[in-house]
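Here is a short briefing on one protein model. Look over the fold before reading the notes.

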Amino acid sequence: MKRLLWATLIVLAAKAWAGDIQPRQGWYSHTSSKTYDTLVKDTVAAIKETGLIVVTQAGPTKAAAARGITIPGNRVIGAFNNDYAVRILATSTAAMIEAPIRFYVTENGDGTATLSYKTPSFVFSPYADEGGAALGEIAAELDAKFLSVAEIAVK
């Protein structure tokens, strides 16, 4: 019985860490030499520095720890601001379901952390027909903002 319990715990621990973020379409990932906690703090500061607002934060790491489960650091940080919201609503009501757009900070297997996000252009692409060129311009502005956040946060 004890062996079965240990085997189950080992399998659960292995499944709790699926691995580092891999490249995928529409995403940018910026690996850093920073620890997870430092990159979370620096990402929040960079969001504010670039004129965006931290709208949401969520992650399973602390809740899992409270249940006795250790998983790698994992935090989603939603960023936006009202200026972009008003401008997007003028082009496409449906597109606002994508706000806030999220940054994703993950702890890597080697103790460093990665900052990833879906580019705003990718996020808003399903609404291009409805939002037209104006939505494309807003998404491009947000692409530049998100890249600035990432560059500031990971440096």
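Which residues does F103 touch, not counting residues up to four places away in sequence? F103 touches T43, I47, R75, V76, I77, A79, L115, S116, Y117, F146 and V149; contact means heavy atoms within 4.5 Å. This is a predicted model: local features need pLDDT of at least 70, side-chain atom pairs count only at pLDDT 80 or more, and totals for chains, interfaces and linings use all residues. Residues are numbered from 1 along each chain as its sequence is written, and side-chain values use heavy atoms, with hydrogens and water left out.

**Overall fold**
- The protein has 6 helices and 5 strands. These are DSSP runs numbered from the N terminus: helices are H or I with at least four residues, strands are E with at least two.
- Along the sequence the pattern reads α-β-α-β-α-β-α-β-β-α-α.
- Of the 155 residues, 38% count as buried. Buried means under 20% relative accessible area, exposed over 50%, and partly exposed in between (1.4 Å probe, protein chains only).
- Take the contacts between residues at least 6 apart in sequence: 70% of them join residues at least 24 apart.

**Nonpolar core**
- The largest nonpolar core holds 32 residues. Such a core is a set of buried Ala, Val, Leu, Ile, Met, Phe, Trp, Tyr and Cys residues joined through side-chain atoms within 4.5 Å.
- F80, I88, F103, F124 and L142 have the most contacts inside this core.
- Two or more residues each come from helix 2 (36–49), strand 3 (74–80), helix 4 (82–89), strand 4 (101–107), strand 5 (113–118), helix 5 (120–124) and helix 6 (128–154).
- Helix 6 gives the most, with 8 residues.

**Helix 4 against helix 6**
- The two helices pack at an angle of about 155°, with axes 9 Å apart. Axes are lines fitted to C-alpha atoms, for helices over the stretch in contact, and angles run from 0 to 180 degrees between N-to-C directions.
- Helix 4 and helix 6 are therefore roughly antiparallel, a label for angles over 145 degrees.
- Helix 4 contributes Y84, R87 and I88 to the contact, and helix 6 contributes L135, I138, E141, L142 and K145.
- These contact residues divide into 5 nonpolar, no polar and 3 charged.

**T119**
- T119 lies in the loop between strand 5 and helix 5.
- T119 is buried, at a relative accessible area of 12%.
- T119 touches G26, Y28 and D143, not counting residues up to four places away in sequence.

Note on methods. Parallel < 35°, antiparallel > 145°, perpendicular 65-115°, else oblique. Nonpolar A, V, L, I, M, F, W, Y, C, P; charged D, E, K, R; others polar.
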